[in-house]
Each structure stands twice: as structure tokens, then as C-alpha cells.
Amino acid sequence: MSVLLRISDLATSYGRIEVLRAVSLQAEKGKITCLLGPNGAGKTTLMMTVAGVLKPQSGHIHFLDRDIAGTSPSTIVRSGIALVPENRLVFKDMSVLDNLNAGAITRKDHEQIHKDRERLLDRFPRLRERSSQLAGTLSGGEQQMLAIARALMSNPRLLLMDEPSVGLAPLVVQEIFTIISELKQDGVSIFLVEQNVRMSLKIADHFYLMDHGRIVFDGAPDEFAEDEVISRAYLGERR
């Protein structure tokens with residue numbers, strides 16, 4: 001086991017409102033670690049704290065054995081973490097190519113950047129077809145593909161994905177989860193926040209469940225599916 005990300009006793013607040021309460025979890029190299037939980041549980045706050053957008057009140061975020069808690073987003077990107085944010089948040093008034101180039105803004109290896117961009121356009125042929133098109137004119141699924149490709153342009157060691165299936169049609173959701181599974185096969189380590197439990201159970205290696213800013217479950221997919229209370233709440237199953 002090789003732990004890439006280790007979060008210990010992390011607390012983050014919005015003003016006086018404590019959102020994350022002593023959160024501890026880890027993500028392993030080459031694995032998909034999935035964080036589930038109801039709306040308002042603190043999942044996006046955790047992602048934003050790891051990405052450096054929010055500053056924690058206390059606790060530690062160790063990435064490759066270095067504590068990155070409280071450092072700037074650009075420093076965190078340079079360290080090897082990239083975020084695919086909730087609701088995609090592509091640069092709508094920029095072309096597909098310019099969005100991809102923006103993902104590599106912290107890099108200086110221009111020849112390799114070009115090669116990586118071509119490789120990603122091969123992986124996402126619809127983006128190649130629309131390379132000169134404004135990102136805001138793409139479909140929701142295409143924007144999600146662009147958001148993933150843009151994050152990959154930073155050449156990350158760990159990819160944070162915040163609800164990549166939200167707001168997408170079922171067939172597109174299937175396609176996005178196929179992409180996530182293929183990324184894992186290519187050796188990309190992924191920390192995934194999701195609401196689609198059934199699809200997540202097909203691809204994730206480890207699960208955490210968050211409620212009211214705390215981790216309330218930590219286990220393997222079969223343990224998650226076999227827990228009676230969880231299966232009722234998240235899978236609609238009774239035993």
C-alpha cells in the first residue's frame with residue numbers, strides 16, 4: 001500500500017460555522033477512493049480545502065509526505081494535485097484548446113505540454129472535433145470531459161473529482177464513469193466525491209461516508225454494500 005494523500009483531524013469553517021470536524025482519511029496510489037454523503041455534509045468543503053481554495057482551521061493534509069494544509073492553490077497544483085470542480089466550471093468564453101492550455105499554466109515544458117494535449121484530444125475525440133469552439137457552447141457531458149482533460153493537463157499525481165456525474169443524462173453518466181475507470185487503468189490516482197452510489201460501487205476501491213462534517217464510515221465496497229443502515233439509505237435496499 002502506498003498512501004498518496006493522508007488527511008488528519010482536519011477542521012474547516014465558514015466564519016463561525018464549523019463545516020469539517022476532525023476529518024481523517026487517506027487515498028492510495030493507483031486507487032479510486034470515493035467519498036459519499038448527503039447534500040451539505042461537507043464533501044465539497046473538503047475538496048476545496050485539499051485544493052487550497054479554503055484554509056483549514058486545524059489539522060494536516062499530507063501529500064507525498066509533505067504537509068500542504070493552508071498552502072496556495074497554485075502551489076498545490078505544482079505539487080501534483082488537480083481538481084475537477086463541481087458543476088465543471090470550464091472557462092465558457094474560451095475555446096476548448098485555450099481551456100486545455102489553461103490547465104497547464106503551472107508547467108514550463110512546452111514540448112511535453114503539446115504532446116499531452118494531443119494525447120488528451122485523442123482520448124476525448126469530441127473535444128478534438130470542437131477544439132476551436134467556445135467551451136460554453138458544449139453540451140454538459142462535453143463540458144465535463146473538458147473539465148477532466150483540463151485538470152489532467154497539469155500532469156497530476158492525484159486527481160480530485162467533485163461530483164462529475166451531477167446534472168448529466170444517464171447515458172452520459174455511464175460514459176463519464178467509463179472514463180474514470182479508464183483513468184485508473186492508466187495509473188491515475190483518484191479521490192472521487194459522488195452522489196451516484198450504484199455507479200461508484202462498480203469502480204471505487206475504498207469508501208468513506210461523511211455526515212455533518214464527520215467521517216461515519218470507512219471501508220471496502222463490499223462492506224459498504226452489506227451495511228444494513230447504509231444500504232437502506234443509499235441503495236434503497238432492505239434485508
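How much space lies in the second largest pocket? About 260 Å³ of space lies there. This is a predicted model, in which local features need pLDDT of at least 70, side-chain atom pairs count only at pLDDT 80 or more, and totals for chains, interfaces and linings use all residues. Residues are numbered from 1 along each chain as its sequence is written, and side-chain values use heavy atoms, with hydrogens and water left out.

A pocket is an open set of points on a 1 Å grid over the protein atoms alone, where a 1.4 Å probe fits, with protein on both sides within 12 Å along at least five of seven lines; lining residues have an atom within 4 Å of a point. A volume is the space filled by probe spheres set on the points, which are joined across faces, edges and corners.

The second largest pocket is lined by 13 residues, and Asn155, Pro156, Asp186, Gly187 and Val188 are the closest to its centre. Helix H4 (residues 110-123) gives the most to this lining, with 3 residues. Helices here are DSSP runs (H or I, at least four residues), numbered from the N terminus.

I turn now to the largest pocket, which holds about 490 Å³ of space. Among its 18 lining residues, Val77, Leu83, Ala102, Gly103 and Arg150 are the closest to the centre.

Finally, consider helices H3 and H6. Their axes (lines fitted to C-alpha atoms over the stretch in contact) come within 7 Å and cross at roughly 35 degrees, on a scale from 0 to 180 degrees between N-to-C directions. In H3, Val96, Asn99, Leu100 and Gly103 meet Leu146, Ala149 and Arg150 of H6, where contact means heavy atoms within 4.5 Å.

How values were computed: Helices (H or I, at least four residues) and strands (E, at least two) are DSSP runs, numbered from the N terminus.
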